[in-house]
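The stops below proceed from the whole chain to single residues.

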Amino acid sequence: MAEIALRDVQKFFGPNQVIKDMNLVIEDGEFIVMLGQSGCGKTTTLRAIAGLETVTEGTITIDGEEVQDRRAADRDIAFVFQSFSLYPHMTVYENIAFPLRAVGMSTEERDREVREVAEVLRITPLLDRRPSALSGGDMQRVAIGRALVRRPKALLMDEPIGALDAKLREEMRAEIKRLHMARNSTSVYVTHDQIEAMSLADRIVIMHDGVLQQIGAPDEVYLRPANLFVAQFVGSPVMNVEPVQLSANGDGAHVHLAGDGTGFHFDEGLLSAVPRDAGRVSLGIRPEAVHLSHEESAGALGGVTTNIEPLGSHDIVDVRIGEARLRARTPAGFVAAEGAPVWVSLDTGEAHFFDNETGLALREAH
Ligand SMILES: Nc1ncnc2c1ncn2[C@@H]1O[C@H](COP(=O)(O)OP(=O)(O)OP(=O)(O)O)[C@@H](O)[C@H]1O
(Lines give C-alpha, C1' and ligand atoms only; values in the text may rest on other atoms or scores of the structure.)
Protein backbone atom coordinates (compact mmCIF):
# COMPACT_ATOMS: atom_id res chain seq x y z
CA MET A 1 0.00 0.00 0.00
CA ALA A 2 1.14 3.50 -0.65
CA GLU A 3 1.01 7.24 -0.35
CA ILE A 4 -0.09 9.02 -3.53
CA ALA A 5 0.74 12.68 -4.11
CA LEU A 6 -0.34 15.03 -6.88
CA ARG A 7 1.68 18.22 -7.18
CA ASP A 8 0.69 21.18 -9.35
CA VAL A 9 -1.16 18.89 -11.74
CA GLN A 10 -2.73 20.51 -14.80
CA LYS A 11 -4.65 18.72 -17.51
CA PHE A 12 -5.80 20.17 -20.81
CA PHE A 13 -7.93 18.49 -23.45
CA GLY A 14 -7.10 20.80 -26.36
CA PRO A 15 -7.82 24.33 -25.13
CA ASN A 16 -10.06 23.01 -22.35
CA GLN A 17 -8.38 22.90 -18.92
CA VAL A 18 -10.12 20.22 -16.84
CA ILE A 19 -7.67 19.95 -13.88
CA LYS A 20 -6.35 23.21 -12.48
CA ASP A 21 -3.41 23.32 -10.06
CA MET A 22 -4.30 20.12 -8.29
CA ASN A 23 -2.32 19.49 -5.10
CA LEU A 24 -3.32 16.50 -3.05
CA VAL A 25 -1.57 14.03 -0.77
CA ILE A 26 -3.43 10.76 -0.17
CA GLU A 27 -1.99 9.01 2.84
CA ASP A 28 -1.08 5.36 3.01
CA GLY A 29 -4.20 3.36 3.87
CA GLU A 30 -6.52 6.32 3.50
CA PHE A 31 -9.97 6.19 1.86
CA ILE A 32 -10.39 9.33 -0.24
CA VAL A 33 -13.63 10.13 -2.02
CA MET A 34 -13.58 12.64 -4.87
CA LEU A 35 -16.96 14.33 -4.98
CA GLY A 36 -18.31 16.77 -7.51
CA GLN A 37 -20.84 17.38 -10.24
CA SER A 38 -20.63 15.71 -13.61
CA GLY A 39 -17.80 17.20 -15.66
CA CYS A 40 -15.84 18.71 -12.75
CA GLY A 41 -12.75 16.62 -13.55
CA LYS A 42 -12.86 13.90 -10.92
CA THR A 43 -12.72 10.97 -13.36
CA THR A 44 -9.86 12.59 -15.25
CA THR A 45 -7.96 13.00 -11.95
CA LEU A 46 -8.52 9.34 -11.10
CA ARG A 47 -7.48 8.20 -14.57
CA ALA A 48 -4.36 10.37 -14.33
CA ILE A 49 -3.39 8.64 -11.06
CA ALA A 50 -3.94 5.27 -12.70
CA GLY A 51 -1.96 6.18 -15.81
CA LEU A 52 -4.97 5.85 -18.12
CA GLU A 53 -4.63 9.56 -18.89
CA THR A 54 -1.50 11.70 -19.17
CA VAL A 55 -1.11 14.97 -17.25
CA THR A 56 -0.17 18.14 -19.11
CA GLU A 57 1.98 19.43 -16.24
CA GLY A 58 2.90 18.52 -12.70
CA THR A 59 3.96 15.34 -10.93
CA ILE A 60 2.24 12.29 -9.52
CA THR A 61 4.18 10.21 -7.02
CA ILE A 62 3.33 6.80 -5.60
CA ASP A 63 5.38 5.94 -2.52
CA GLY A 64 7.68 8.83 -3.33
CA GLU A 65 8.43 7.71 -6.90
CA GLU A 66 7.38 9.88 -9.81
CA VAL A 67 5.05 7.89 -12.04
CA GLN A 68 3.47 10.48 -14.35
CA ASP A 69 5.48 9.18 -17.30
CA ARG A 70 4.97 5.50 -16.49
CA ARG A 71 2.45 3.29 -18.23
CA ALA A 72 -0.61 2.21 -16.28
CA ALA A 73 0.67 -1.37 -16.17
CA ASP A 74 3.84 -0.19 -14.40
CA ARG A 75 2.12 1.72 -11.60
CA ASP A 76 0.76 -1.29 -9.66
CA ILE A 77 -2.63 0.28 -9.21
CA ALA A 78 -6.02 -1.41 -9.62
CA PHE A 79 -9.07 0.24 -11.16
CA VAL A 80 -12.76 -0.64 -10.82
CA PHE A 81 -15.18 0.95 -13.28
CA GLN A 82 -18.94 1.35 -13.15
CA SER A 83 -19.39 -1.15 -15.96
CA PHE A 84 -18.57 -4.57 -14.64
CA SER A 85 -16.05 -5.62 -17.30
CA LEU A 86 -15.71 -9.27 -16.30
CA TYR A 87 -14.57 -11.97 -18.74
CA PRO A 88 -17.88 -13.64 -19.66
CA HIS A 89 -16.39 -17.01 -20.65
CA MET A 90 -14.56 -17.45 -17.33
CA THR A 91 -15.99 -18.50 -13.98
CA VAL A 92 -15.91 -16.14 -11.01
CA TYR A 93 -12.90 -18.05 -9.69
CA GLU A 94 -11.04 -17.68 -13.00
CA ASN A 95 -11.96 -14.00 -13.26
CA ILE A 96 -10.47 -13.28 -9.83
CA ALA A 97 -7.43 -15.49 -10.43
CA PHE A 98 -6.68 -13.92 -13.80
CA PRO A 99 -4.41 -11.07 -12.63
CA LEU A 100 -2.38 -13.54 -10.56
CA ARG A 101 -1.53 -15.69 -13.56
CA ALA A 102 0.37 -12.81 -15.08
CA VAL A 103 2.67 -12.55 -12.04
CA GLY A 104 3.62 -16.23 -12.10
CA MET A 105 2.26 -17.31 -8.73
CA SER A 106 2.13 -21.01 -7.85
CA THR A 107 -1.26 -22.71 -8.15
CA GLU A 108 -1.56 -23.21 -4.38
CA GLU A 109 -0.67 -19.61 -3.62
CA ARG A 110 -3.09 -18.41 -6.25
CA ASP A 111 -5.83 -20.58 -4.85
CA ARG A 112 -5.23 -19.25 -1.34
CA GLU A 113 -5.36 -15.62 -2.47
CA VAL A 114 -8.53 -16.09 -4.56
CA ARG A 115 -10.32 -17.84 -1.71
CA GLU A 116 -9.28 -15.22 0.80
CA VAL A 117 -10.59 -12.38 -1.37
CA ALA A 118 -13.79 -14.35 -2.06
CA GLU A 119 -14.24 -14.83 1.68
CA VAL A 120 -13.82 -11.12 2.42
CA LEU A 121 -16.30 -10.26 -0.35
CA ARG A 122 -18.66 -13.09 0.71
CA ILE A 123 -18.79 -14.59 -2.78
CA THR A 124 -17.28 -18.02 -2.03
CA PRO A 125 -20.51 -19.82 -3.03
CA LEU A 126 -20.37 -18.11 -6.42
CA LEU A 127 -16.85 -19.14 -7.42
CA ASP A 128 -17.98 -21.71 -10.01
CA ARG A 129 -20.57 -19.50 -11.67
CA ARG A 130 -20.16 -17.48 -14.82
CA PRO A 131 -20.77 -13.69 -14.78
CA SER A 132 -24.03 -14.06 -16.75
CA ALA A 133 -25.50 -15.95 -13.77
CA LEU A 134 -24.72 -13.15 -11.28
CA SER A 135 -26.72 -10.16 -10.05
CA GLY A 136 -25.34 -6.65 -10.62
CA GLY A 137 -24.11 -6.40 -7.03
CA ASP A 138 -22.34 -9.76 -7.22
CA MET A 139 -20.72 -8.84 -10.54
CA GLN A 140 -19.32 -5.72 -8.93
CA ARG A 141 -18.08 -7.73 -5.94
CA VAL A 142 -16.21 -9.97 -8.37
CA ALA A 143 -14.78 -6.94 -10.20
CA ILE A 144 -13.55 -5.55 -6.88
CA GLY A 145 -12.16 -8.98 -5.95
CA ARG A 146 -10.25 -9.14 -9.20
CA ALA A 147 -8.86 -5.66 -8.57
CA LEU A 148 -7.78 -6.45 -5.02
CA VAL A 149 -6.40 -9.94 -5.39
CA ARG A 150 -2.92 -8.95 -6.48
CA ARG A 151 -2.62 -6.56 -3.52
CA PRO A 152 -2.08 -3.42 -5.57
CA LYS A 153 -0.53 -0.28 -4.10
CA ALA A 154 -3.89 1.44 -4.38
CA LEU A 155 -7.43 0.70 -5.40
CA LEU A 156 -9.14 3.30 -7.59
CA MET A 157 -12.91 3.13 -8.08
CA ASP A 158 -14.95 5.22 -10.52
CA GLU A 159 -18.62 5.27 -9.47
CA PRO A 160 -18.38 1.51 -8.86
CA ILE A 161 -21.93 1.14 -7.55
CA GLY A 162 -23.56 3.91 -9.57
CA ALA A 163 -25.38 1.45 -11.83
CA LEU A 164 -27.00 -0.50 -8.99
CA ASP A 165 -30.44 0.15 -7.51
CA ALA A 166 -30.78 2.19 -4.32
CA LYS A 167 -31.11 -0.70 -1.87
CA LEU A 168 -28.18 -2.59 -3.30
CA ARG A 169 -26.09 0.59 -3.33
CA GLU A 170 -26.69 0.94 0.39
CA GLU A 171 -25.58 -2.66 0.99
CA MET A 172 -22.54 -2.29 -1.22
CA ARG A 173 -21.53 0.93 0.53
CA ALA A 174 -21.35 -0.94 3.80
CA GLU A 175 -19.38 -3.75 2.15
CA ILE A 176 -16.86 -1.48 0.49
CA LYS A 177 -16.28 0.13 3.85
CA ARG A 178 -15.84 -3.25 5.55
CA LEU A 179 -13.50 -4.35 2.80
CA HIS A 180 -11.43 -1.24 3.24
CA MET A 181 -11.21 -1.89 6.98
CA ALA A 182 -10.17 -5.50 6.34
CA ARG A 183 -7.52 -4.71 3.73
CA ASN A 184 -6.58 -1.17 4.70
CA SER A 185 -5.89 -0.41 1.04
CA THR A 186 -5.16 3.14 -0.08
CA SER A 187 -8.39 3.86 -1.93
CA VAL A 188 -9.59 6.66 -4.17
CA TYR A 189 -13.27 6.58 -5.00
CA VAL A 190 -15.12 8.88 -7.40
CA THR A 191 -18.79 9.69 -7.01
CA HIS A 192 -21.30 12.50 -7.42
CA ASP A 193 -23.41 11.04 -4.59
CA GLN A 194 -22.75 12.89 -1.36
CA ILE A 195 -24.25 10.18 0.85
CA GLU A 196 -21.77 7.72 -0.60
CA ALA A 197 -19.00 10.24 -0.02
CA MET A 198 -20.01 11.00 3.55
CA SER A 199 -20.40 7.36 4.52
CA LEU A 200 -17.22 6.00 2.94
CA ALA A 201 -14.55 8.67 3.15
CA ASP A 202 -11.80 9.28 5.65
CA ARG A 203 -11.48 12.56 3.75
CA ILE A 204 -13.57 14.00 0.96
CA VAL A 205 -12.03 15.95 -1.91
CA ILE A 206 -14.62 18.33 -3.33
CA MET A 207 -14.06 19.50 -6.89
CA HIS A 208 -15.77 22.09 -9.02
CA ASP A 209 -14.84 23.11 -12.53
CA GLY A 210 -11.44 21.42 -12.35
CA VAL A 211 -10.52 23.15 -9.09
CA LEU A 212 -10.14 21.43 -5.74
CA GLN A 213 -12.47 23.32 -3.39
CA GLN A 214 -11.85 21.63 -0.04
CA ILE A 215 -10.29 18.51 1.43
CA GLY A 216 -11.58 17.38 4.79
CA ALA A 217 -13.23 14.72 6.90
CA PRO A 218 -16.97 14.37 6.18
CA ASP A 219 -18.02 16.30 9.29
CA GLU A 220 -15.47 19.00 8.54
CA VAL A 221 -16.77 19.77 5.04
CA TYR A 222 -20.31 19.71 6.40
CA LEU A 223 -19.69 21.80 9.51
CA ARG A 224 -16.94 24.08 8.22
CA PRO A 225 -17.37 24.50 4.45
CA ALA A 226 -14.49 26.50 3.03
CA ASN A 227 -16.60 28.41 0.54
CA LEU A 228 -20.08 28.93 -0.87
CA PHE A 229 -19.75 26.15 -3.40
CA VAL A 230 -18.99 23.51 -0.74
CA ALA A 231 -21.62 24.97 1.60
CA GLN A 232 -24.34 24.54 -1.00
CA PHE A 233 -23.05 21.31 -2.51
CA VAL A 234 -22.79 19.29 0.71
CA GLY A 235 -25.96 18.71 2.70
CA SER A 236 -29.56 18.10 1.73
CA PRO A 237 -31.70 20.13 1.71
CA VAL A 238 -29.26 22.76 0.56
CA MET A 239 -27.94 25.35 3.03
CA ASN A 240 -29.84 28.66 2.97
CA VAL A 241 -27.65 31.46 1.66
CA GLU A 242 -28.96 35.03 1.80
CA PRO A 243 -27.18 38.35 1.32
CA VAL A 244 -27.31 40.31 4.57
CA GLN A 245 -26.50 43.70 6.04
CA LEU A 246 -25.14 44.17 9.54
CA SER A 247 -26.02 46.96 11.97
CA ALA A 248 -24.59 47.47 15.46
CA ASN A 249 -26.71 46.09 18.28
CA GLY A 250 -25.34 46.07 21.83
CA ASP A 251 -22.60 43.47 22.16
CA GLY A 252 -22.91 42.27 18.60
CA ALA A 253 -24.98 43.13 15.56
CA HIS A 254 -28.30 42.70 13.91
CA VAL A 255 -28.05 40.64 10.76
CA HIS A 256 -30.71 41.86 8.33
CA LEU A 257 -32.13 39.80 5.49
CA ALA A 258 -33.31 41.70 2.40
CA GLY A 259 -36.39 43.77 3.13
CA ASP A 260 -36.36 42.94 6.82
CA GLY A 261 -35.99 45.90 9.14
CA THR A 262 -35.45 44.08 12.41
CA GLY A 263 -32.69 41.52 11.92
CA PHE A 264 -31.48 38.54 13.95
CA HIS A 265 -29.19 39.38 16.84
CA PHE A 266 -25.73 37.78 16.73
CA ASP A 267 -23.25 38.03 19.59
CA GLU A 268 -19.96 39.72 18.77
CA GLY A 269 -18.02 36.47 19.25
CA LEU A 270 -19.80 35.00 16.21
CA LEU A 271 -19.01 37.99 14.03
CA SER A 272 -15.35 38.66 14.73
CA ALA A 273 -14.28 37.71 11.20
CA VAL A 274 -17.23 39.37 9.47
CA PRO A 275 -16.73 42.82 7.86
CA ARG A 276 -19.53 45.29 8.47
CA ASP A 277 -19.51 47.11 5.13
CA ALA A 278 -22.77 46.91 3.31
CA GLY A 279 -23.27 44.42 0.54
CA ARG A 280 -20.24 42.23 1.13
CA VAL A 281 -21.57 39.36 3.17
CA SER A 282 -23.99 36.45 2.90
CA LEU A 283 -25.39 34.44 5.75
CA GLY A 284 -25.42 30.66 5.39
CA ILE A 285 -27.65 28.61 7.64
CA ARG A 286 -28.74 24.99 7.28
CA PRO A 287 -32.48 24.25 7.41
CA GLU A 288 -32.02 22.31 10.67
CA ALA A 289 -30.66 25.47 12.33
CA VAL A 290 -33.76 27.49 11.35
CA HIS A 291 -36.50 27.10 13.95
CA LEU A 292 -40.17 27.91 13.50
CA SER A 293 -42.62 28.63 16.27
CA HIS A 294 -46.30 29.48 16.42
CA GLU A 295 -45.61 31.76 19.43
CA GLU A 296 -43.71 35.02 19.37
CA SER A 297 -40.47 34.96 21.36
CA ALA A 298 -37.65 37.41 22.04
CA GLY A 299 -35.43 37.84 18.98
CA ALA A 300 -37.66 35.82 16.63
CA LEU A 301 -38.72 37.42 13.33
CA GLY A 302 -42.21 37.16 11.87
CA GLY A 303 -42.58 35.33 8.56
CA VAL A 304 -45.10 33.58 6.36
CA THR A 305 -44.84 30.01 5.13
CA THR A 306 -44.83 29.68 1.34
CA ASN A 307 -44.29 25.99 0.74
CA ILE A 308 -44.38 22.75 2.70
CA GLU A 309 -42.57 19.63 1.58
CA PRO A 310 -43.62 16.64 3.70
CA LEU A 311 -40.85 14.02 3.86
CA GLY A 312 -42.40 11.56 6.30
CA SER A 313 -40.02 11.85 9.24
CA HIS A 314 -39.99 15.66 8.98
CA ASP A 315 -41.11 18.53 6.75
CA ILE A 316 -39.13 21.13 4.87
CA VAL A 317 -40.94 24.45 5.13
CA ASP A 318 -40.17 27.58 3.12
CA VAL A 319 -40.70 30.85 4.95
CA ARG A 320 -40.70 34.37 3.57
CA ILE A 321 -39.24 37.05 5.85
CA GLY A 322 -39.26 40.46 4.19
CA GLU A 323 -38.01 39.73 0.67
CA ALA A 324 -35.85 36.84 1.79
CA ARG A 325 -36.69 33.16 1.88
CA LEU A 326 -35.41 30.62 4.39
CA ARG A 327 -36.01 26.89 4.46
CA ALA A 328 -36.56 25.24 7.82
CA ARG A 329 -36.64 21.62 8.86
CA THR A 330 -39.63 21.06 11.16
CA PRO A 331 -41.29 18.09 12.83
CA ALA A 332 -43.81 16.48 10.44
CA GLY A 333 -47.08 18.39 10.36
CA PHE A 334 -45.78 21.30 12.45
CA VAL A 335 -47.05 23.83 9.93
CA ALA A 336 -50.53 23.00 8.68
CA ALA A 337 -50.74 25.18 5.60
CA GLU A 338 -49.00 27.57 3.26
CA GLY A 339 -49.62 31.20 4.13
CA ALA A 340 -49.44 30.55 7.87
CA PRO A 341 -47.75 33.20 10.03
CA VAL A 342 -44.75 31.81 11.97
CA TRP A 343 -41.95 33.12 14.17
CA VAL A 344 -38.45 32.34 12.98
CA SER A 345 -35.32 32.05 15.08
CA LEU A 346 -31.82 30.77 14.24
CA ASP A 347 -29.19 28.68 15.99
CA THR A 348 -26.77 31.55 15.54
CA GLY A 349 -23.86 29.36 16.63
CA GLU A 350 -24.51 27.20 13.53
CA ALA A 351 -24.44 30.13 11.12
CA HIS A 352 -21.80 30.71 8.46
CA PHE A 353 -20.81 33.95 6.78
CA PHE A 354 -19.36 34.20 3.30
CA ASP A 355 -17.69 36.97 1.32
CA ASN A 356 -20.02 37.69 -1.61
CA GLU A 357 -17.16 38.44 -3.96
CA THR A 358 -14.73 35.62 -3.29
CA GLY A 359 -17.27 33.11 -1.95
CA LEU A 360 -14.84 32.27 0.86
CA ALA A 361 -16.08 31.46 4.35
CA LEU A 362 -15.39 34.26 6.82
CA ARG A 363 -14.06 32.80 10.01
CA GLU A 364 -11.20 33.23 12.41
CA ALA A 365 -8.09 31.34 11.40
CA HIS A 366 -7.03 28.92 14.10
N1 LIG B 1 -10.81 12.29 -23.62
C2 LIG B 1 -11.35 13.50 -23.50
N3 LIG B 1 -11.25 14.40 -24.48
C4 LIG B 1 -11.77 15.65 -24.37
N5 LIG B 1 -12.44 16.09 -23.28
C6 LIG B 1 -12.59 15.23 -22.27
C7 LIG B 1 -12.05 13.89 -22.32
N8 LIG B 1 -12.35 13.28 -21.14
C9 LIG B 1 -13.04 14.17 -20.39
N10 LIG B 1 -13.17 15.34 -21.06
C11 LIG B 1 -13.83 16.55 -20.54
O12 LIG B 1 -13.18 16.91 -19.34
C13 LIG B 1 -14.11 17.42 -18.39
C14 LIG B 1 -14.00 16.64 -17.10
O15 LIG B 1 -14.46 15.32 -17.32
P16 LIG B 1 -14.44 14.20 -16.19
O17 LIG B 1 -14.95 12.92 -16.81
O18 LIG B 1 -13.13 14.16 -15.53
O19 LIG B 1 -15.49 14.77 -15.17
P20 LIG B 1 -16.26 14.01 -14.04
O21 LIG B 1 -16.32 14.98 -12.93
O22 LIG B 1 -15.66 12.72 -13.74
O23 LIG B 1 -17.68 13.84 -14.65
P24 LIG B 1 -18.54 12.50 -14.83
O25 LIG B 1 -19.08 12.18 -13.48
O26 LIG B 1 -19.60 12.94 -15.82
O27 LIG B 1 -17.60 11.47 -15.39
C28 LIG B 1 -15.47 17.33 -19.06
O29 LIG B 1 -15.77 18.59 -19.58
C30 LIG B 1 -15.26 16.32 -20.16
O31 LIG B 1 -16.14 16.58 -21.23
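The mean pLDDT of the protein chain, where pLDDT is the predictor's confidence in each residue on a scale from 0 to 100, is 92, and 99% of the residues reach 70 or more. The model is predicted: local features need pLDDT of at least 70, side-chain atom pairs count only at pLDDT 80 or more, and totals for chains, interfaces and linings use all residues. Residues are numbered from 1 along each chain as its sequence is written. The scores of the model are ipTM 0.95 and pTM 0.89.

**The whole chain**

Select the protein chain. Along the principal axes, its C-alpha atoms fill a box of roughly 80 × 45 × 35 Å. Colour by secondary structure to display eight helices and 20 strands; helices (H or I, at least four residues) and strands (E, at least two) are DSSP runs numbered from the N terminus. Of the 366 residues, 38% count as buried. A residue is buried if 20 or more other C-beta atoms lie within 10 Å of its own, exposed if 12 or fewer do, and partly exposed in between, with C-beta atoms placed from the backbone. Two residues are in contact if their C-beta atoms, placed from the backbone, lie within 7 Å. Among contacts in the protein chain with a separation of 6 or more, 64% are between residues 24 or more positions apart.

Next, colour residues 4-225 and 240-355 separately: the domain assignment gives these ranges as domain 1 and domain 2 respectively. Such bounds come from an automatic or database domain assignment. The C-alpha centres of domain 1 and domain 2 lie 41 Å apart.

Select β1 (residues 4-13) and β4 (residues 57-62), which pair in the antiparallel sense over five bridges; two strands pair if DSSP finds at least two bridges between them. Within this pair, I4 has I62 of β4 as its bridge partner.

Now display the open sheet of six strands, ordered β6-β7-β8-β3-β9-β10 and mixed in its pairing. Its edge strands, β6 (77-80) and β10 (211-216), each pair on one side only. Within this sheet, β3 (residues 31-35) and β9 (residues 203-208) run parallel and are joined by four bridges. Zoom in on M34 to find V205 of β9 opposite.

Which residues have the most contacts inside the largest nonpolar core? They are V33, M34, I96, L156 and V188, in a core of 97 residues. A nonpolar core is a set of buried Ala, Val, Leu, Ile, Met, Phe, Trp, Tyr and Cys residues joined through C-beta atoms within 7 Å. Helix α4 gives the most to this core, with six residues. Domain 1 and domain 2 each supply at least three residues to this core.

Centre the view on V33. Apart from neighbours within four places in sequence, V33 is in contact with Y189, T191, A197, L200, A201 and I204.

Then select helix α2 (residues 92-101), whose buried residues are V92, Y93, N95, I96, A97 and L100. The cover over these buried residues includes α3 (107-120) and α4 (136-148).

**Strand β14 and its partners**

Move to β14 (residues 281-285). Four of its five residues are buried, so the strand is largely enclosed by the rest of the structure. Strand β11 (residues 240-248) pairs with β14 in the antiparallel sense over five bridges, and E242 stands opposite L283. Strand β20 (residues 352-355) also pairs with β14 in the antiparallel sense, over four bridges; here L283 stands opposite F353.

**Backbone details**

Most residues other than glycine have a negative phi, and most peptide bonds are trans. Select S236 and P237, which are joined by a cis peptide bond with omega of about -5°. P237 lies in the loop between α8 (228-233) and β11.

The phi of R122 is positive, near 60°, and R122 counts as partly exposed, with 13 C-beta neighbours inside 10 Å. Finish at D209, in the loop between β9 and β10. D209 has a positive phi of about 55° and is partly exposed, with 14 other C-beta atoms within 10 Å.
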